[in-house]
Protein chains: 2
Amino acid sequence: MPAASIADAATAQGASPAYRELKELLREIAHMRSTLGLLQWDQETYMPAAGSAARAGQKSLLAGLAHERATSPRLGELIAACEGDAALRSDEATAANLREMRRDYDLATKLPGDLVRALAETTSRAQDAWKHAREKNDFASFAPWLDKVLTLTRRKAECYGVPAATGGVPSELYDALLDEYEPSARAAEIETLFRPLEARLSAFVKDLRTRGTRPDDACVKLNIAREKQHAFGQFVIEKCGFRMNAGRLDEVTHPFCEGLAPGDTRLTTRYRESRWTDAFFGTLHEYGHGSYEQGLPIHMELDDPRNRFGEPLGHAVSLGIHESQSRMWENIVGRSRAFWQWAKPHADRMLGSGIERFSAEDVFRAVNVIEPGFIRVEADEGYYNLHIMLRFALERAMIRGDLAVRDLPGAWNERFKALFGVDVPDDTRGCLQDVHWSFGLIGYFPTYTLGNLYAASFWNALKRDLPDVDAKMERGEFAPVLSWFNDKIHRHGRMYPPRELCRRITGADLSTEPLMAYLGAKLGGVYGVS
Amino acid sequence: MPAASIADAATAQGASPAYRELKELLREIAHMRSTLGLLQWDQETYMPAAGSAARAGQKSLLAGLAHERATSPRLGELIAACEGDAALRSDEATAANLREMRRDYDLATKLPGDLVRALAETTSRAQDAWKHAREKNDFASFAPWLDKVLTLTRRKAECYGVPAATGGVPSELYDALLDEYEPSARAAEIETLFRPLEARLSAFVKDLRTRGTRPDDACVKLNIAREKQHAFGQFVIEKCGFRMNAGRLDEVTHPFCEGLAPGDTRLTTRYRESRWTDAFFGTLHEYGHGSYEQGLPIHMELDDPRNRFGEPLGHAVSLGIHESQSRMWENIVGRSRAFWQWAKPHADRMLGSGIERFSAEDVFRAVNVIEPGFIRVEADEGYYNLHIMLRFALERAMIRGDLAVRDLPGAWNERFKALFGVDVPDDTRGCLQDVHWSFGLIGYFPTYTLGNLYAASFWNALKRDLPDVDAKMERGEFAPVLSWFNDKIHRHGRMYPPRELCRRITGADLSTEPLMAYLGAKLGGVYGVS
């Protein structure tokens, strides 16, 4: 039983001075990173505009200090010393902790200083260029910057090295990037999942829209004051299990969740008075991320030997698994009939503004309307993954050298037409819409769809253990859902790599069947298409 | 003209590699301290309760890193190298900068590590003991902690060393503590100011209350929602010159002003719905501190050679001068007839709630009611300094060894009766009311009254330059007042020690006459006592 073994090991292995020093050093780095997290959170929430130059100085100083420690020879010596200690290795949790420390240290030390600096400087300028290009619909002005970012990112991938091919799955340069966000994932394997998913999803949404009946969604277009939206959103996430004494919910321009530190998980959202569902599902989404953060084994007393703050076992395992938690709460829970059976009377009471005139069933159906749109972040459950798969294919081709930057808009628009059936009107609503590439975040996009696939697979497994989960949700009982994920995922930190975690939870490799079955049943039902 | 000479020197002295490295090191320390400032601000404003243990870890790590650098041998070498450079010394601003760097470095390195740690640990525990003792009115349980704090504080003073006697003024151990907060101040000199001030003030307030007519203050007891109070307070400080794009105003339990970083000055306040003047004058008070912070030469571009962020010339010169700014805006401006002539229609519009029924003159008179009370932080302009002089005399006696901790309550109560004419009912409302001593803040209290004395003296000087200041304030024109203080005080940072700054501004040494004359005219007028 991992939780017990973690505690035992931590106590027993207190006997190793190297392991103790190692954990102290990692704790120090964690304090620095959590301070960086606060600097960032404050910048997005409350910092006055004129403070941004000094903030950049504070962040860069602290990031430098943290990086210095994370790549220090002392850290390398300590990890090596512990790896050579058979007593430490014999404990499963300690062995996993050391495996992941080695991974982090190697990743951090593989990049030469000049590349790290070049990436920081180029992506910072590329972001400005991207902002400008998006505003002016001027891809040509961004193209040279994307070229530079790609060149540096390819160099980064080469420093990491192409991972070994395993189990008959070939590997490629792109995998070295992917691995940063989704350890041990492989592009070829993802392609095997995505190719049929793309075809089925594309046909499915077309079918819904041609044969089905679009529900009326007037109830999501009521005008509702932000204070009411805030109160309702906070009420719902507390009912879902968010601990407000160990977290916050604030308003920002670009919502995010920051697992800042033990006892301190910060969610953010953005209110649009003409469409309350934007903030509502955004809040539930960030709560999903927050549920993972609040479930990590770092929230007990800091000097409790079970507290893993700073250690790999105290951190989330991958972006895909993280996203599974946010998409699960947002969509599988928050867009379910059972959820609205419970939530609707509370919405009447807290939102008012005419929502009383609609039934729970009306709201359930309205929040499941699908519509092809150009913008990923506004996409619904039917279309979202199509946006992702488009990006995955194009960025992979760019890293491979199969797609030149100048050909990106054409490739984007052609593929979009094939998937969505509509012409992209301009690059601002096409290949210039996302910030990721200007940041150098390549290999990141597929984790969004992996998250959706994981969420549906995990939910199937959950239903085997909690067959009456819908009845529970109708009564507003979300604790069993949260506990199940706490137990299956959160408390383990990085103990099991994503692929293994998935097998432990579902008994099988990741598959697209649960997602297709879930969407087919729910959206098919809403649209009257079987 | 100092401003020009500062810029010239910074440019010219860029030629000295040691001076350049020195400034870089100080800038780094400043970034660390401003990050610490944010950690503290966030803790008081928005941090969830469960985050406090991790916050302590973050703060202690960062404080340690900053201290390490501020006491590093390298810093000492660089200062010494620059002190030996005649070209650097020949510039007035650079010489002042070096003089103050030397002062900071010597103060920081004079304390042995074990004393710093013992002080940190003992005062942290003493604060808990104080909280408990104050709640339970149990001085005996706090006494041993105050004893320990005094012993360590005396040791600290001994490490600093008794300053030299200058100009016929004798010096004593207490001066070493005072010097931390008010550089080059001497207890004997302060006593020379305080003794007659105490007698005159004590007689003055007695006279007002026996011979005068207490104004009606019903208008301060209206019930006003915190949102309205917040909007009005923010409106007024913006009119007084607070730059909201470079600052904030938030609500906390114990209000403070944090000059966080260039472009980032944060004010806080606390709203009491049954007495709107508490928050209003509290906000004006913190704005006064903020006006100093926003006026320091650190808010231009960070790489501008005139930017002094991290250097002594970029920091406020003393607590007394700082307090002069807060008390000036709170009392001399905010409790003036001219101010309310301007502010009253805005209060009607923004506060409403019945205040419309009162005249500007009613409000002016109501906010100048005086009343003897036991609690310093609630004291009015008539009584405030009596509270301070009581504390100064007692803490000085304790450091001298003339007053034992066990005799403190008796001494407090006896002196209080003599000054205020009333019996202290319990230690909670007596010698246990302030947090300062448990923190080891001894030598700090007198700076509050020095601030009041400075404020009145500076205002006299201001009126020579701006004889129509009252007419300006009646029209809501506060920019000339702010500019005057920007020019006379803020932009100089620590260029001139407080005593010299006072002489430059007023043409004379600090005196109690301006304060007595100001209080006599205003409160005498309000009470109808000439």
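This dialogue discusses how two chains of a predicted model meet.

Student: Which conventions apply here?

Tutor: The model is predicted, so local features need pLDDT of at least 70 and side-chain atom pairs count only at pLDDT 80 or more, while totals for chains, interfaces and linings use all residues. Residues are numbered from 1 along each chain as its sequence is written, chains are lettered from A and ligands numbered from 1 in the order in which they are written, and side-chain values use heavy atoms, without hydrogens and water.

Student: What rotation superposes chain A on chain B?

Tutor: Two copies of a chain are related by a rotation about an axis and a shift along it. Here the rotation is 180 degrees with 0.0 Å of shift, and the RMSD is 0.0 Å (least squares on C-alpha atoms of residues with pLDDT of at least 70 in both). That is the relation of a two-fold axis.

Student: How is the area buried between chain A and chain B described?

Tutor: The size of an interface is often given as the accessible area lost when the parts come together. Here about 2,700 Å² is buried, 67% of it from carbon and sulfur atoms (accessible area lost, 1.4 Å probe, summed over both parts). Tyr46(A), Pro48(A) and Leu61(A) lose the most area in chain A, together 19% of what that side buries.

Student: How many salt bridges cross the interface?

Tutor: A salt bridge is a side-chain nitrogen of Lys or Arg within 4 Å of a carboxyl oxygen of Asp or Glu. The rule finds four between chain A and chain B. Arg55(B) forms a salt bridge with Asp264(A), with the closest N and O atoms 3.7 Å apart.

Conventions
Buried area = accessible area lost by both parts, 1.4 Å probe.
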